[in-house]
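Have the sequence and the model side by side as you read.

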Amino acid sequence: MIAPEDPQAADVVDLLARHLEFARSQGPPEDAHALEVDGLAAADVDFFALRRDRGLLAVGALTRLEPWHGEIKSMHTATGHRGEGLGASMLAHLLEHARQSQMTRVSLETGSMAIFAPARALYSRAGFVACEPYADYRPSAYSSFFTRTL
């Protein structure tokens, strides 16, 4: 079940710490764009968790860049549950939430390294296409940028 969640809940903080550790281990600090817990608790961020039998399996967030443009942030699936389709479920939920919020475009940044290939494939299957950096991002060999219309 995917539902709104407090990013400051203890088990969420633990999963986000693993997400941040992973993101920051893949390149220079200036190219790690994952949000800290405080950033995910901001008023312009809608944060969700996927739970099964009360266990936390995945998280994802949608932030509003413009009234019509959202950005997917901090999608992460617990290590023992990768390959179960939970990322695809979270992504579908975030896209539907964006539609219901009257957004017409959703973008995201993810790593360009081989370890991020499954994430890039997931986004491509969901209709995202490569794009130039947007918002405050700058070109980087460590980042891939994607966008799609709704």
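Which residue in β3 is the bridge partner of R52? That partner is G55. Keep in mind that this is a predicted model, where local features need pLDDT of at least 70, side-chain atom pairs count only at pLDDT 80 or more, and totals for chains, interfaces and linings use all residues. Residues are numbered from 1 along each chain as its sequence is written, and side-chain values use heavy atoms, with hydrogens and water left out.

Strands here are DSSP E runs of at least two residues, and helices are H or I runs of at least four, numbered from the N terminus. Two strands pair if DSSP finds at least two bridges between them.

| Strand pair | Residues | Sense | Bridges |
|---|---|---|---|
| β2 and β3 | 45-52 and 55-66 | antiparallel | eight |
| β3 and β4 | β4: residues 69-77 | antiparallel | seven |

The β2 and β3 hairpin has two residues between its strands, and D53 there takes a positive phi near 50 degrees. β3 and β4 form a hairpin too, with two residues between them. Over in β4, T77 is the bridge partner of A58.

Now the cores: sets of buried (under 20% relative accessible area, 1.4 Å probe, protein chains only) Ala, Val, Leu, Ile, Met, Phe, Trp, Tyr and Cys residues joined through side-chain atoms within 4.5 Å. The largest nonpolar core has 20 residues, and I72, M75, L91 and F128 touch the most other members. Helix α3 (86-100) is among the elements giving two or more residues to this core, and α3 gives the most, with six.

How values were computed: Buried < 20%, exposed > 50% of the residue type's maximum accessible area, 1.4 Å probe, protein only.
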